[in-house]
Amino acid sequence: MTAISDPIDYLQREVAHSRWMLLNNNLYSRIQTLPDLRRFMEHHVFAVWDFMSLLKSLQRELTCVQVPWVPTANATTRRLINEIVLEEETDVDPNGQPVSHFELYLRAMEECGADTGPIRQLLAALAEGRTLSQALTAAQVPGSVRQFVETTFDIIRSGKPHAVAAAFTFGREDLIPAMFRQLVGELRDRFPGQLDTFIYYLDRHIQLDEEVHAPLAQQMVRELCGDDPESWLDCQRVVIRCLEARMELWDGISTSKPRRSVA
């Protein structure tokens with residue numbers, strides 16, 4: 001990385017090919033029917049869930065969640081992560097009621113007849129004190145889902161806040177608007193009035209992530225990496241790993257058999 005390069009621009013150029021491959025995956029064009037969409041959501045919901053653990057791990061690292069409270073070192077990153085947590089964990093639904101994006105996604109799954117059983121089994125197993133690996137086994141998740149979730153938690157366990165922030169920023173927040181925009185227009189036209197909650201979820205993510213969260217998250221990565229070339233190199237490696245894990249998740253959806261509808 002040269003001294004004159006903007007590190008964010010440099011990172012984005014270095015991961016551009018992997019990002020392009022993901023955004024041009026044929027999965028998007030293969031979601032043609034409601035059973036196709038249900039199958040997508042039954043896999044993707046695990047990515048919606050583990051995203052919250054990425055977010056909360058950053059909040060744990062960058063703010064004080066202990067009692068007695070003491071101020072953490074960087075007030076700027078404190079504010080950045082708390083602003084994102086506010087909207088991800090307690091956004092509003094179409095009726096203006098507080099809801100997390102994960103809970104909104106579950107509601108959208110139920111509305112279109114997707115099976116929420118496996119993700120609820122995962123949550124129940126975790127609530128009982130089982131390990132993540134045990135909970136994934138109890139939920140009987142496909143291999144591609146397990147690999148995706150375990151990749152996320154491996155990054156969380158790395159103990160490197162800048163690497164977690166890079167996964168959060170360039171593996172999620174910066175990526176999601178371009179990814180979801182490919183879905184929302186076609187779904188709205190193909191299934192008018194049938195997917196209102198899901199389309200609201202997609203629209204909300206496109207708006208918040210593109211206009212608010214991605215810029216805040218990029219600033220957070222800048223604050224955490226500073227002028228350290230090794231930290232920026234860590235970020236590059238982590239982002240490519242995240243994009244590759246997402247491609248494997250998408251490929252797993254494309255090759256999976258649909259579950260029996262619960263509708």
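Before I come to the helices, one definition: a helix axis is here a line fitted to C-alpha atoms, over the stretch in contact, and the angle between two axes runs from 0 to 180 degrees between their N-to-C directions. With that in hand, please look at helix H4, residues 34–62, and helix H12, residues 196–225, which pack at an angle of about 35°, with their axes 14 Å apart. Please keep in mind throughout that this is a predicted model.

The crossing of H4 with H12 is left-handed, and on the H4 side the contact is made by Leu37, Phe40, Met41, Val48, Leu58 and Leu62, while H12 contributes Phe198, Tyr201, Met220 and Leu224. If we sort these residues by class, we find 10 nonpolar residues in the contact of H4 with H12, and no polar and no charged ones.

Staying on H4 for a moment, I would like to pick out glutamine 59, which is found in this helix. Is glutamine 59 buried or exposed? Its relative accessibility is 12%, and because buried means under 20%, glutamine 59 counts as buried. Leaving aside residues up to four places away in sequence, glutamine 59 touches Val65, Ile81, Asn82 and Val85.

Now to a second pair of helices. H10, residues 161–173, packs with H13, residues 229–255, at an angle of about 45°, and their axes lie 8 Å apart.

By class, the contact of H10 with H13 holds nine nonpolar, three polar and three charged residues.

Finally, let us step back to the protein chain, which has 13 helices and two strands. Its radius of gyration is 18 Å, close to the 18 Å that the globule rule gives for 263 residues, so the chain is as compact as a globular protein of that length. Along its principal axes, the C-alpha trace spans about 55 × 45 × 35 Å, and 52% of the 263 residues count as buried. Among contacts between residues at least 6 apart in sequence, 74% join residues at least 24 apart.

Definitions and conventions:
Residues numbered from 1 in each chain as written. Predicted model: local features only at pLDDT ≥ 70, side-chain atom pairs only at ≥ 80, totals over all residues. Heavy atoms only, no water. Helix = DSSP H or I, 4+ residues; strand = E, 2+ residues; numbered from the N terminus. Nonpolar A, V, L, I, M, F, W, Y, C, P; charged D, E, K, R; others polar. Rg over C-alpha atoms; globule rule 2.2 N^0.38 Å. Buried < 20%, exposed > 50% of the residue type's maximum accessible area, 1.4 Å probe, protein only. Contact = heavy atoms within 4.5 Å. Left-handed = near helix turned anticlockwise from the far one by under 90°.
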